[in-house]
Amino acid sequence: MSRQLVVVGAGPGGLSTALAAHALGVDVVVLERDPEDRARPGSRALFLHRDSLRLLERASAGLGRRLGERGLVWRRRTTMYRGRTVYSEELPTAAEAGLPPFTSLRQIDTEAILREAVAAAGIEVVYGVNIISVQPESTEVVARSADGRCWRSSYLVAADGSRSEVRESLGIALLGARSDSHHVVIDVAGEPARKERIFHYHHPKLDGRHVLIVPFAGGCQVDLQCSADDDPDQWSGMDEVSRWLPLVLDDDGSHRVLWCARYPFLQRVAASMADPSGRVLLVGEAGHLFAPFGARGMNSAIADADAAACAVACALAARTPGRAQAAVLDYSRIRGAAAEFNCAAAGAALRHMRPASAAERLAQSGAALLAPLVPRLGSWLEHAPYGPRVAATIGPSRY
Ligand SMILES: Cc1cc2nc3c(=O)[nH]c(=O)nc-3n(C[C@H](O)[C@H](O)[C@H](O)COP(=O)(O)OP(=O)(O)OC[C@H]3O[C@@H](n4cnc5c(N)ncnc54)[C@H](O)[C@@H]3O)c2cc1C
């Protein structure tokens, strides 16, 4: 049976695409490589912007609200420089149309809530399907799985993550850079007493390494930036973590560590967010990889998903093949530009956190010194690690 839309991948990007497409009346099926009962490790993407909650609310009534209720809205954000507070701000937490300004919950919890919404909408998800090739043809696209099955559809969304087989099979290159240095990320169970997001420049108890502490519903995530000459293994093993973690938390959280991983900073964008024929659209990490700072990964995947669903609905309704193709290529242009913006923003954040020149280092230490007298310098130190802001870091969505 041929479907209107096949979505490959049931991560946040794929599930959001399926919901948005279904809301627009598109007949959609999701194909996922992993089994239904898989356990994904770690908190990973925590922060959902209100803009993302709005898009999800539009795709499935009540979904944005449920995510907002399930997550944590922290009350304060603080920046420290060598152990001294240089910025601290109470945050507005009022809801708009039932949606908080943001919410913080583990990605596995977000995915579970998305899966519930997908099931409630009656959208079919087929688990255990490993798609290994995708072939666009003149009127449809054919996806083939490792076990020899074949799916035909008018359009296909590749939401199969950073190692996208679909992108590979279409020969779309992923361009960009990867930092040599590493971050170590840890989940600690138990909500911190202070519901506060704290960034430490040059933590005095960690020989000047930067540390970010982000609370989420049920715990907190601690992100340590290794120095350029650190061996990340010396920081990411459980024994090593129990040595340094108590130095940065108010209490000794080392016995409550749930997950520990390390990652490099990535700034990569696909050469195109759609194949030239306009049958296949890339969504989320299939199309771009950004560092977590700035919360661009999952939030931009949700914006891609919304835009991809719109593009597919427009293409299906188009009167001519040319117009249908134009709708998809517009998607590629607009979300490609958003991805480039996010990639550059992640690069700016990385340069700020690892200043290359003495002048940049001096600017930061000078700003820290003067912050009590010149609040905008404290504000700069607070915001710069996340890169420049755009109407929500995720770029335009509808067109
Ligand atoms: C350690 C770590 C920390 C992170 N922290 C943050 C953060 O703080 N903030 C942030 O915004 N982002 C963060 N991210 C990134 C965030 O997790 C991703 O942006 C998000 O998961 C992207 O969603 P996605 O749906 O595009 O891809 P994924 O979540 O990777 O989903 C892809 C899905 O496709 C399936 N799949 C893959 N190949 C196939 C195939 N061939 N056939 C069928 N199905 C397939 C996979 O099983 C998976 O279910 C982090 C990532 C990691 C690894």
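Let me begin with a definition: a residue counts as near a molecule if one of its heavy atoms lies within 4 Å of it. With that rule, 30 residues surround the ligand, and the closest are Gly13, Glu32, Arg38, Gln107 and Glu285.

Please keep in mind that this is a predicted model, in which local features need pLDDT of at least 70 and side-chain atom pairs count only at pLDDT 80 or more, while totals for chains, interfaces and linings use all residues. Residues are numbered from 1 along each chain as its sequence is written, and side-chain values use heavy atoms, with hydrogens and water left out.

Now to the polar contacts, meaning pairs of N or O atoms within 3.5 Å. The side chain of Gln107 places an N or O atom 2.7 Å from an oxygen atom of the ligand, and a polar backbone atom of Arg33 is 3.1 Å from a nitrogen atom of the ligand. On its own the ligand exposes 990 Å², of which the protein buries 89%, with accessible areas taken from the Shrake-Rupley method with a 1.4 Å probe. As for the shell around the ligand, its residues divide into twelve nonpolar, eight polar and ten charged, where Asp, Glu, Lys and Arg count as charged, Ala, Val, Leu, Ile, Met, Phe, Trp, Tyr, Cys and Pro as nonpolar, and the others, Gly among them, as polar.

Let me turn to strand S9, residues 141-145, where four of the five residues are buried, that is, under 20% relative accessible area with a 1.4 Å probe and protein chains only. Strands here are DSSP runs (E, at least two residues), numbered from the N terminus. S9 runs antiparallel to S8, residues 131-136, and five bridges join them, with Ile131 opposite Ser145.

Notes. Polar contact = N/O pair within 3.5 Å; in protein donor to acceptor, adjacent residues only side chain to side chain. Buried < 20%, exposed > 50% of the residue type's maximum accessible area, 1.4 Å probe, protein only. Pairing = 2+ DSSP bridges.
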